[in-house]
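Please read the following briefing alongside the sequence and the model.

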Amino acid sequence: MSLILPSASRRVPCEQCPLRALQLFRDFMPEELRFVSSFKTGEMVAEQGAVILSEGTHSAHLYTLLSGWAFRFKTLADGRRQILNYILPGDLVGLQGSVIGEMEHSVEALSPLVLCVFQRDRLDELFGGYPGLGFDVTWLAAQQERMLDDHLLSLGRRTALERAAYLLSFLHQRSLALNIRRERIEIPLTQQHVADTLGLSIVHTNKTLRKLAGLGLVRWLGRACEVLDLDGLMKVAGWEGLSERKRPLI
């Protein structure tokens, strides 16, 4: 059984957050950093496969992914799953439940992960006293909407090969900006995750991914994928890539 545990002993002070050193994220004003530090109540660790949030439930907390990977998904009554999006370090988790009242999707750990935990009932204080942070939360929500728009376009209009190329190049490019140590990037996906994201059967997915591998664009490593040629993958997808603008971090 996958575990989700609080981890007070591993608490990372917001002032020393390793993500803040990355050029990807905007700088905070000192008063904003002090508030976020008080807003954070601790950390939570989860094993691969743990369900962090469940569709239809309420949560007293809001989270930022500090390390690891997760994904958002919905399921039909018969258990069929659609993966909606992937969550990487710096992404906000659980805002939907904070605003609407209950989650309309679930979130599962794709790898072992650490989450920063925030008090949901202090969101009014954030918006009222720190308009810059309030804009940041709105920006993050709008960014998620934009990514879902792009994913829906891919599902509706790209071929299976183009869809797979878009998904893997999208995740690889997002990973590049977070690769602090410049290590080799391995996207922690199985072919079943890809199938559930692209709306394809596992057989069709396997054939499609073998085509990409045969072109020398990717390599499968059991429960992970390595992109070998990002430019070539983007060309197959007909995708120009992500913008390099700075983004918020709560």
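Is Asp136 buried or exposed? Asp136 counts as buried, because its relative accessibility is 3%, where buried stands for under 20% relative accessible area, exposed for over 50% and partly exposed for what lies in between, computed with a 1.4 Å probe on protein chains only.

This is a predicted model, in which local features need pLDDT of at least 70 and side-chain atom pairs count only at pLDDT 80 or more, while totals for chains, interfaces and linings use all residues. Residues are numbered from 1 along each chain as its sequence is written, and side-chain values use heavy atoms, with hydrogens and water left out.

**Salt bridges**

- Side chains of opposite charge can pair when their charged atoms come close.
- With a salt bridge taken as a side-chain nitrogen of Lys or Arg within 4 Å of a carboxyl oxygen of Asp or Glu, the count comes to 12 salt bridges.
- One of them joins Arg26 to Asp136, with 2.6 Å between the closest N and O atoms.
- Arg26 is found in the loop between strand S1 (4-6) and helix H1 (30-39), whereas Asp136 belongs to helix H4 (residues 131-157), so this pair ties together parts that are 110 residues apart in sequence; helices (H or I, at least four residues) and strands (E, at least two) are DSSP runs, numbered from the N terminus.
- Arg26 has a relative accessibility of 23% and therefore counts as partly exposed.
- Glu43 and Lys40 also form a salt bridge, their closest N and O atoms being 3.1 Å apart, and both Glu43 and Lys40 are buried.
- A further salt bridge, at 2.8 Å from N to O, brings together the side chains of Asp196 and Arg81.
- Since Asp196 lies in helix H6 (residues 191-198) and Arg81 in strand S6 (residues 81-87), this pair ties together parts that are 115 residues apart in sequence.
- Asp196 counts as buried at 13% relative accessibility, whereas Arg81 is partly exposed, with a relative accessible area of 22%.

**Surroundings of Ala195**

- Ala195 lies in helix H6 and counts as buried, at 2% relative accessibility.
- Leaving aside residues up to four places away in sequence, Ala195 touches Leu200, Ser201, Ile202 and Thr205, where contact means heavy atoms within 4.5 Å.
- From Ala195 to Thr205 the separation is 10 residues in sequence and 5.7 Å in space, taken C-alpha to C-alpha.

**Aromatic rings**

- Rings of Phe, Tyr and Trp (its six-membered ring) pair if their centres lie within 6.5 Å, with planes under 30 degrees apart counting as stacked, over 60 as edge-to-face and the rest as tilted; by this rule there are 8 aromatic pairs.
- The pair of Phe35 and Phe39 is stacked, because the ring centres are 5.4 Å apart and the planes stand at 25°.
- Both residues, Phe35 and Phe39, lie in helix H1, 4 residues apart, which is about one turn of the helix.
- Phe35 is buried, with a relative accessible area of 3%, and Phe39 likewise counts as buried, at 0% relative accessibility.
- One aromatic cluster is formed by Phe35, Phe39, Phe118 and Tyr130.

**Charges over rings**

- A charge sits over a ring if NZ of Lys or CZ of Arg is within 6 Å of the ring centre and within 35 degrees of the ring normal.
- The charged end of Arg81 sits over the ring of Phe73, 6.0 Å from its centre.
- Arg158 lies over the face of Tyr166, at 4.7 Å from the ring centre.
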